[in-house]
Amino acid sequence: MGGGHGGGTTYKGLTLHQPKRWHTITGKGMCAMMWFWIFYRAKQDGPVVLGWRHPWEGHGHDHGHGDEHETSH
């Protein structure tokens, strides 16, 4: 099969080469961004996912919806 360039670890015919430095740095940066996003979404949606609040109850924002929707007959 292929000649392969540089060093690496071979196990049962599969050679794993060392990643380049930019691959390692980019991978760590993407991993950090993923975890920041997960924690941000957990902060925003955690109570709904855990069943502590209904999704239609809102996020504490007051959109000015009050008694004007109610009609008295």
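Strands 1 and 2 make a hairpin, leaving two residues between them, and Lys12 in the turn has a positive phi of about 50°. This is a predicted model, where local features need pLDDT of at least 70 and side-chain atom pairs count only at pLDDT 80 or more, while totals for chains, interfaces and linings use all residues. Numbering starts from 1 along each chain as its sequence is written, and side-chain values use heavy atoms, without hydrogens and water.

User: How do you know that strand 1 and strand 2 pair?

Analyst: Pairing takes at least two bridges found by DSSP. Strand 1 (residues 8-11) and strand 2 (residues 14-17) have four, in the antiparallel sense. One of the contacts to look at is Tyr11, with Leu14 as its bridge partner in strand 2.

User: What makes Trp35 and Phe39 a tilted pair?

Analyst: Rings of Phe, Tyr and Trp (its six-membered ring) pair if their centres lie within 6.5 Å; planes under 30 degrees apart are stacked, over 60 edge-to-face, and the rest tilted. Here the centres are 5.8 Å apart and the planes sit at 35°, so tilted it is. The two residues are four apart in helix 1 (residues 21-49), about one helical turn.

User: Why is Phe39 called exposed?

Analyst: Exposed means over 50% relative accessible area, buried under 20%, partly exposed in between (1.4 Å probe, protein chains only). Phe39 has 54%, so it's exposed. Trp35, at 42%, is partly exposed.

User: Why is the Trp37 and Tyr40 pair called tilted?

Analyst: Their ring centres are 5.7 Å apart with planes at 35°, so tilted again. Trp37 is exposed at 53%, and Tyr40 is partly exposed at 41%.
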